[in-house]
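Reader: I would like to learn how to read the features of a model such as this one. Please show me the structure before we start.

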Amino acid sequence: MSKNSFADGLREFFRKDLVQYIVKRLLMFIPTLLLISILVFFVIQLPPGDYVSAHIAALATEGELVDADYAASMRADYGLDLPIWQQYVKWVKDIIWTPTDSAYYRLYHSHHNWKYSFAYGRDVWSVVNDRLGLTIGVTAIIMLFQYLVSIPIAVYASTHQYSVGDYISAIIGFLGTAIPNFILAIVLMYLSYKWTGNANVGLFTQEMLKNGIHLYNFGDFLKRMIIPIIVIGTSGTCGIIRSVRAQMLDEVAQQYTLTARAKGVSEGKIIMKYCFRAAINPTVSGLGGVLSSLFSGSTVTALVLNMQIQGPVLYKALQSQDMYLAGAIVMIQAVLVVIGVLLSDIALAFLDPRIRYSGGGR
Amino acid sequence: MRKKLNSKAVSLALAAATSMSVLAGCGGAATPSQTTDSAETTETQETTTEKETTTDIASSTEEVKVEGFAEAPMLADQVAAGKLPSVDERIPNSDNVFVETVDATGGKLEIGNYGGVINLGGAGGSWGLSRPSLESIIRYNTDGSYYPNVIKSFEHNDDYTVWTFKLREGMKWSDGEPFTADDITFWYYMCHLTNFDSKKSWVALKEDVNGEDAWATLKKVDDYTVTWTFVNPKYPADFIENGDFKWCWAPAHYLSDLIPDSEDYPYVENEYWQSTGLSEEDVLANAQKKNIDAATVKDLGKAVSYNFWNVSGVPTLNSFVLSTVPGNSSKDDTLCIMDRNPYFWKVDAAGNQLPYVDALHFNQTSEDGQDLLMFRSGEIDIITIAMKDIAATLSDLGDAAELREWGTTGWGSYQITFNYTNTDKNYADLFANKDFREAMSICVDRKQVSELLTDGFLEPGQCGPQEGNVGYDAEWQSKWTEYDVEKAKSLLEGCGLEMGADGFYHFADGSDLMLTFLAYDGTADESYPVFEQYYKAVGINCALKNLEVSAFDETIDNNDWVAVMGPHTEIGGASLKDRAAPFVPIAQAAEWYGEYGTFYATKGAQGVEPTGDMAKLVELYDKWRLTSDDGEREEYQAEIYKIHKENLWSIAYLKSEGFYELINSKVKNYADNLVTADCYQYANMTHYEVLFKAE
């Protein structure tokens with residue numbers, strides 16, 4: 001092989017049909033996202049009542065009575081009294097482009113008005129932004145853990161099929177998947193409380209919340225990450241272990257593996273360069289969802305563990321019918337899924353040159 | 001140790017209080033019916049009830065002379081660094097400062113030590129931050145007596161048309177600006193009458209003049225005196241005691257560039273303030289410059305002049321003010337911090353400026369039970385706890401935790417009620433029949449319900465004032481409580497119902513009788529199956545329909561329902577003075593009167609006109625409201641109670657559940673046997689400014 005094999009690979013990779021494919025896919029974004037936005041907007045509005053009625057019910061629980069006039073004028077202010085299709089059009093229009101002469105632009109200097117979160121009393125984007133960094137950070141750590149743990153285990157299990165190690169990894173993996181996350185979380189919090197006197201509720205100690213995370217308290221932060229990593233990490237690892245293991249077993253039995261082995265290629269090279277590369281395909285195509293989960297994190301577990309990530313915000317927004325906030329989060333998730341799928345398709349093509357994009361045989 | 005209030009004494013005291021307690025020499029020494037010479041006030045919170053009632057509050061007070069003030073070390077440091085004026089310049093002098101010596105039950109307060117933090121659960125809701133920090137016009141004691149709080153005194157003329165508020169000279173906002181009569185005229189004319197605060201509907205400042213709504217005239221007499229003038233007599237119940245009327249001030253120096261003069265919020269002509277001339281957009285931009293994010297002027301107004309404790313940067317008179325540090329400055333933050341107000345105008349008996357603790361920390365949790373875990377590990381100091389969790393928690397924590405029991409004013413648990421204004425005449429007539437309600441009450445074996453649903457904790461009871469509260473009546477509590485299936489059946493037949501082939505009663509015209517109980521947020525999921533078997537056993541077919549709370553409220557408002565299990569607005573409460581709407585059909589509020597309340601609230605424009613005893617309630621309420629005679633008021637209230645006892649529009653099966661808190665034993669000055677009620681502002685009665693953590 002020539003020295004330029006990687007550059008050649010890239011050149012070969014970005015051949016004309018792939019570029020066309022990407023452009024086509026990007027164009028398909030528009031109708032896809034429009035459809036999703038319609039679905040999102042209308043599904044969020046499905047429960048009876050709206051934010052104003054939910055808000056007034058909450059005030060009544062606190063002992064504050066609100067008269068009907070106030071509710072009506074609040075609806076008018078928020079545009080909730082308009083027919084639903086008009087609300088939808090306005091929502092989409094303002095997200096795509098808010099003109100320079102609008103009050104929103106003058107106030108926020110942004111052309112994309114995601115509207116206002118009723119419950120937080122703030123611009124939706126600022127609410128989403130608040131937890132974005134943390135959500136991505138925490139989820140990335142957990143995912144890294146998942147892949148770093150599960151892939152070596154899977155490779156080991158497939159090359160040592162039916163060994164004790166294979167069984168142990170299978171048992172742990174199945175337990176991780178079979179036990180609902182929230183139960184595991186509660187059990188671990190209980191054990192943590194029993195053993196250390198502290199349940200480790202939440203990602204941060206109060207001290208961190210007040211003074212921020214610094215080098216001196218980073219250890220405490222990592223301690224707090226133990227339970228989320230175990231809970232969320234183990235639930236995902238099993239899936240990866242099983243699929244990679246099964247694929248690997250398939251590949252190991254293939255003709256080309258036999259041929260390579262017959263030709264005296266080293267076992268390590270056979271496994272890592274040929275079998276593993278082929279076996280990882282389903283995992284890579286599954287990466288499409290990763291972007292979206294990086295953004296939202298795990299909702300139920302985050303609720304149980306009181307983690308300050310995006311998931312619980314969405315949950316609360318849906319509960320209180322804070323529709324623009326919920327709409328924004330779901331919409332961004334949808335966009336990320338669409339982008340993620342595209343990226344994973346491209347990555348797949350890179351990994352496996354056999355995959356072609358233009359129709360017809362060659 | 002604090003003495004437990006003997007329930008007879010509480011009952012007596014509350015009875016006296018519902019008339020009106022007159023307080024002398026208390027935090028401004030105002031007597032609501034007499035003019036007070038403010039020069040003579042000894043500024044100790046001493047409360048005595050006019051009537052000869054035996055309350056601990058009256059007997060446990062003593063006079064304290066305060067000489068010289070001390071302050072928290074953290075503030076002393078700031079003074080030394082030149083960042084803050086000295087304590088003598090920050091708070092009113094000894095004639096005007098408020099000296100806090102007793103808690104709301106009359107227990108003598110310990111002199112505390114400074115420093116530390118009190119950790120609480122999440123702030124939640126619009127009012128969460130206000131409960132432990134809000135300082136209002138008056139404050140109540142557990143016996144219903146009250147005293148001027150932020151204001152130094154209040155008084156009225158003989159015919160109740162002019163009320164005078166005197167302020168505390170030298171009192172300052174939390175940013176150090178003086179608090180004067182201008183802040184009151186600003187609030188009234190610029191925030192309230194423009195409806196900027198969205199609360200122009202408050203009855204305290206409104207009256208009916210020739211069939212039209214009219215508002216009081218506010219006059220500034222001098223920097224520390226204002227008068228409210230009405231055309232008709234404005235009695236205490238409708239004014240100073242009105243639960244809405246908690247404050248009447250706003251920081252003019254801070255808010256003046258946030259008040260618009262627009263179509264929706266037009267300037268109200270007055271002699272003190274001119275129109276700001278600002279458009280709604282100007283105002284929103286100005287707000288943004290102050291880091292206040294609001295989508296509409298309505299949101300802005302409500303945020304800065306109503307739920308002002310939630311907005312970081314707005315000066316207040318409260319004991320604690322919201323932090324301005326990003327990340328800790330919103331009730332939605334995981335850790336929301338309220339710092340001590342360096343200009344707080346209260347001191348303890350030794351002259352130490354309050355509050356004792358440096359800050360309140362609100363720790364947001366996402367699930368029930370997390371706060372209990374955090375309490376157990378010492379991360380939270382005070383939590384609300386369910387009855388069933390108390391024993392286990394206390395036995396695990398031993399001396400580290402203490403229980404605080406709050407009196408409740410609810411009228412019994414496991415309540416059901418019916419739609420008396422149902423548009424289907426069959427149902428409306430059936431519910432109007434007292435025999436039907438009696439049958440629904442006695443067909444249930446309350447003892448078994450108690451065992452099944454509360455492990456026997458809550459005793460059988462009926463829907464009425466609970467022991468220890470105003471209006472308690474043993475006969476009422478046991479009315480229609482004996483379990484008698486046969487009698488229930490014969491009562492049902494007496495209502496004109498006919499037994500069908502399916503084993504259930506039908507209406508005489510052959511149509512089905514189906515009691516679909518509405519419930520919200522799953523509150524009846526556990527109890528409904530228990531009650532269902534009793535109802536079905538006597539031939540009443542029923543079902544449960546659970547809705548999310550806002551959908552529930554909407555269904556009630558639309559009058560599209562038959563019966564409710566676990567009403568959102570329960571009948572009754574502490575007393576009419578606390579909040580009248582749950583007692584009498586005067587608002588679009590409680591399920592038990594449905595559309596009758598709408599009729600009163602809309603002056604007959606909508607709803608159903610009440611008749612019979614329902615109409616009598618409204619009549620008595622208006623009489624009660626429009627008299628200053630304590631004796632008469634007591635009589636009217638007693639009559640209203642009598643009508644309730646007679647009718648039992650809501651049925652309760654067990655007695656009320658108490659309200660319990662666990663506190664870290666290190667927290668001192670936390671009174672026991674406080675009362676949780678709206679007019680007492682719930683946790684506000686704890687007086688967080690006097691809590692301290694023992695070293």
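Reader: Does B:Asn669 count as buried or exposed, and why?

Author: A residue is buried if 20 or more other C-beta atoms, placed from the backbone, lie within 10 Å of its own, exposed if 12 or fewer, and partly exposed in between. B:Asn669 counts as buried because it has 22 C-beta neighbours inside 10 Å. Before going on, note that this is a predicted model, in which local features need pLDDT of at least 70, side-chain atom pairs count only at pLDDT 80 or more, and totals for chains, interfaces and linings use all residues. Residues are numbered from 1 along each chain as its sequence is written, and chains are lettered from A and ligands numbered from 1 in the order in which they are written.

Reader: Where is B:Asn669 found?

Author: Helices (H or I, at least four residues) and strands (E, at least two) are DSSP runs, numbered from the N terminus. B:Asn669 is in the loop between strand S25 (667-668) and strand S26 (675-676) of chain B.

Reader: What is the phi of B:Asn669?

Author: Most residues other than glycine have a negative phi, and most peptide bonds are trans. Phi of B:Asn669 is near 70°, a positive value. B:Asn291 has a positive phi too, near 65°. B:Asn291 lies in the loop between H7 and H8 of chain B, and it counts as exposed because it has 12 C-beta neighbours inside 10 Å.

Reader: Which residues does a cis peptide bond join?

Author: B:Leu354 and B:Pro355, with omega at about -5°. B:Pro355 is in the loop between strand S13 (346-348) and S14 of chain B.

Reader: How do I read a helix, and which residues of H9(A) are buried?

Author: Start with the span, whose expected value is 1.5 Å times one less than the number of residues. Helix H9 (residues 181-196) of chain A has 16 residues and reaches 22 Å from its first C-alpha to its last, close to the 22 Å expected. Its buried residues are A:Asn181, A:Leu184, A:Ala185, A:Met189 and A:Ser192. Seen down the axis of H9(A), they fall within an arc of 135°, so they line one face of the helix; the arc is that of the directions from the helix axis to the C-beta atoms. The face turned away from the buried side of H9(A) carries the exposed residues A:Ile183, A:Tyr190, A:Leu191 and A:Lys194.

Reader: What covers the buried residues of H9(A)?

Author: The cover includes helix H11 (218-252) and helix H16 (299-305) of chain A, together with H9 of chain B.

Reader: How many residues does each chain give to the contact?

Author: Two residues are in contact if their C-beta atoms, placed from the backbone, lie within 7 Å. The contact takes 44 residues from chain B and 40 residues from chain A. On the side of chain B that touches chain A, the largest share, five residues, comes from H17(B).

Reader: With which residues is B:Arg404 in contact, its neighbours within four places in sequence left aside?

Author: They are B:Tyr660, B:Glu661, B:Ile663, B:Tyr670 and B:Asp672. B:Arg404 itself is in strand S16 (residues 401-408) of chain B. It is partly exposed, with 19 other C-beta atoms within 10 Å.

Reader: How many helices and strands are there in chain B?

Author: Chain B has 20 helices and 27 strands. Buried residues make up 54% of its 695 residues.
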